[in-house]
Amino acid sequence: MKRLIERSRSVGEVLRWVTQNPGKVSASHYPIALHKLGQLLQQQPGPPVGAGDGRGPAGQVLEQPEFHALCQAIVSGCAKFDNFSIVNCLYAAAALGLPGESPLVRVLEDESRSRLGRFNQKDVSMVFSSEANNKALEAIFSSQLFYENRQERFIRSMAEWLPRKAENLTPYTMALIAKYVARHRLREPRLLDTIANFLLKRGEQLDSKVIQKLVFPFSRMNYRPSNHGELFPKLEAILEQKAGSSPLATVNILMSMFQLSHFPQTVLHQVFSPAFITNVMSSPYALIVRRYLSLLDAAVELEFREYSGPRLDPRYRVLMFEHALTADEANRKYSYKGLVAEALRQLVGEECYRQDEVLPPGYCTDFLLWINRSGTVLPLSRVPAASKVPPAMCPATMSLRSSVLALTSDLQDFAPFAPETPSSPPGPQESSRAGRVVLSVNDKWHYCQNSDILVGSRAMRDRHLRLLGYCLVQLPYTELEKVSGIDEAKHYLRQKL
């Protein structure tokens with residue numbers, strides 16, 4: 001039966017073999033039939049497979065009674081299929097271009113989802129080696145099923161397969177893989193280096209919007225690819241030519257490079273030029289570009305002091321973020337921030353800290369405190385006015401450099417936070433040297449998967465806050481998950497502070 005299906009020369013022949021000989025058709029024959037149908041349809045003229053508008057050969061086949069009978073046979077029997085047949089049917093259906101809402105795809109995805117824990121490496125790697133092509137991969141990495149499947153076996157199989165097949169993939173397919181890698185924070189060097197090699201070889205042929213998708217995983221995972229010595233200069237050269245064609249993509253790529261501590265000087269001359277600014281200010285995405293440019297300008301001030309080119313006009317500067325990040329808000333119920341907030345309230349009092357304070361150039365901090373060198377926490381109401389930064393202060397009204405100077409004023413010595421054990425009073429020098437402290441609750445999604453490495457945006461935020469004079473106290477989830485109850489949390493925070 002397998003040979004008969006594979007040797008079929010027409011769609012009708014495939015459907016006849018499968019539907020007229022049900023007793024001779026096994027589970028393994030169904031994905032072969034679906035895959036063969038996809039191949040035959042690609043060879044025929046008319047709208048692309050899966051167009052779904054009823055015109056041409058593809059639409060006609062999907063409406064044939066024999067094809068519906070084939071789909072119904074798979075739906076009825078898939079619960080008894082082996083794992084490989086289930087996965088292979090889903091991949092073949094993706095390659096055929098069946099819509100995600102079709103009964104066949106829904107049943108296959110539900111069955112696959114229920115078996116995720118039982119899929120082994122062979123089930124997945126066999127499909128990668130025998131079935132995967134551009135169209136199938138595009139559908140696979142757009143599928144909710146595979147966004148939910150973060151199992152290491154799947155990632156390991158993909159990491160083994162991708163370097164061998166990358167040359168035959170389209171940029172769109174590689175961008176989908178990059179999106180999957182970034183979304184799940186997969187710091188897998190083989191995958192990331194394969195994407196980087198793809199970029200190095202084909203970068204000139206790609207537009208800025210595709211390049212930004214391929215570059216993003218590197219900054220997301222705070223990972224410099226092994227070929228960065230060649231790749232980064234090449235990206236700079238490409239951006240020099242294409243900076244104006246897609247301004248939003250350009251600043252996104254720059255942001256990724258800044259997060260990896262790489263500063264392309266020539267491109268900065270372009271994006272801070274009056275012509276570029278005028279162009280973006282009249283575009284529908286003006287606000288988001290202003291936010292990115294404001295943060296890039298702050299990064300230049302803090303980390304690229306040797307830069308002497310044009311800078312962002314102060315009138316265009318805004319805070320990068322106005323409130324807590326969307327991801328943090330969405331994951332609030334899984335965060336340890338609530339536990340820390342209550343412990344901190346009981347430990348130092350509500351007047352001695354601020355939560356979710358946004359500091360120039362627009363970084364949201366979990367908790368902001370003022371503590372002197374002896375460990376005394378100062379109530380914010382007692383901090384001299386000259387030392388405060390209003391939460392909504394726009395960077396246009398105060399340069400970063402002057403803000404650092406203003407924030408280093410001496411603080412009054414006030415001690416609502418009594419130490420656990422008596423200690424000698426601080427000396428005159430110690431009592432006058434206060435510190436601006438940021439408590440950073442680093443939840444699981446702030447790190448790369450199965451790693452203690454912070455994602456790139458979080459790492460850059462920490463670098464910049466330190467350069468602005470803040471003392472960062474990290475509260476990683478790996479420590480917080482061992483804390484049980486408010487009393488333990490207070491003891492933990494007391495030790496940290």
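Analyst: This is a predicted model.

User: Why is Lys-337 called buried?

Analyst: A residue is buried when its relative accessible area is under 20%. Lys-337 has a relative accessible area of 7%, so Lys-337 is buried. Not counting residues up to four places away in sequence, Lys-337 touches Gln-355, Asp-356, Asp-366, Phe-367 and Val-441.

User: What makes Asp-462 buried?

Analyst: The cut-off is again under 20%. Asp-462 comes to 2%, and therefore counts as buried. Asp-462 lies in helix H24 (residues 456–467). Leaving aside neighbours within four places in sequence, Asp-462 is in contact with Leu-454, Leu-472 and Gln-474. The C-alpha atoms of Asp-462 and Thr-365 are separated by 9.9 Å, although these residues are 97 residues apart along the chain.

User: Where is Phe-81 found, and why does Phe-81 count as buried?

Analyst: Phe-81 is in the loop between helix H5 (65–77) and helix H6 (83–96). Its relative accessible area is 8%, and the limit for buried is under 20%, so Phe-81 is buried. Residues that Phe-81 touches, not counting those up to four places away in sequence, are Ala-27, Tyr-30, Ile-74, Ile-86, Cys-89 and Arg-115.

User: How do you know that the buried residues of H18 are on the same side of the helix?

Analyst: In H18 (residues 274–281), the residues Phe-276, Ile-277 and Val-280 are buried. They cover an arc of only 95 degrees around the axis, which means that they are on the same side of H18. The face turned away from that buried side carries the exposed residues Pro-274, Ala-275 and Thr-278. Helix H16 (247–259), helix H17 (265–271) and helix H19 (286–303) are among what covers the buried residues of H18.

User: How many aromatic pairs are there, and why is the pair of Tyr-353 and Phe-367 called edge-to-face?

Analyst: The count comes to six aromatic pairs. Rings pair if their centres lie within 6.5 Å, and planes over 60 degrees apart count as edge-to-face. The centres of Tyr-353 and Phe-367 are 5.9 Å apart, so the rings pair. Their planes are at 70 degrees, so the pair is edge-to-face. The pair links distant parts of the chain, 14 residues apart: Tyr-353 is in the loop between H21 and strand E1 (354–359), and Phe-367 is in strand E2 (residues 363–372). Tyr-353 counts as buried at 11% relative accessibility, and Phe-367 is buried at 0%.

User: What makes the position of Arg-436 one "over the face" of Tyr-470?

Analyst: The distance test asks for CZ of Arg within 6 Å of the ring centre. Arg-436 is at 4.6 Å from the ring centre of Tyr-470, and therefore meets that test. Arg-436 is listed as lying over the face of Tyr-470.

User: Which residues touch the most other members of the largest nonpolar core?

Analyst: That core has 70 residues, and Leu-199, Leu-214, Phe-218, Phe-258, Leu-268, Phe-272 and Leu-293 touch the most other members. H19 gives the largest share of this core, eight residues. Apart from it lies another core, of 34 residues, among them Leu-41, Ile-86, Val-87 and Val-105. In soluble globular proteins, nonpolar side chains tend to be buried together.

User: Why is Cys-71 said to be in no disulfide?

Analyst: A disulfide needs two cysteine sulfur atoms within 2.5 Å. The nearest cysteine sulfur to that of Cys-71 belongs to Cys-89 and is 9.9 Å away, so Cys-71 is in no disulfide. The structure holds zero disulfides. Cys-71 is buried, with a relative accessible area of 12%.

User: What does the secondary structure of the protein come to, and what share of its residues is buried?

Analyst: There are 26 helices and five strands. Of the 497 residues in the protein, 51% are buried.

Terms used: Residues numbered from 1 in each chain as written. Predicted model: local features only at pLDDT ≥ 70, side-chain atom pairs only at ≥ 80, totals over all residues. Heavy atoms only, no water. Buried < 20%, exposed > 50% of the residue type's maximum accessible area, 1.4 Å probe, protein only. Contact = heavy atoms within 4.5 Å. Helix = DSSP H or I, 4+ residues; strand = E, 2+ residues; numbered from the N terminus. Arc of directions from axis to C-beta. Phe/Tyr/Trp six-rings, centres within 6.5 Å; stacked < 30°, edge-to-face > 60°. Lys NZ or Arg CZ within 6 Å of the ring centre and 35° of its normal. Core = buried A, V, L, I, M, F, W, Y, C linked by side-chain atoms within 4.5 Å.
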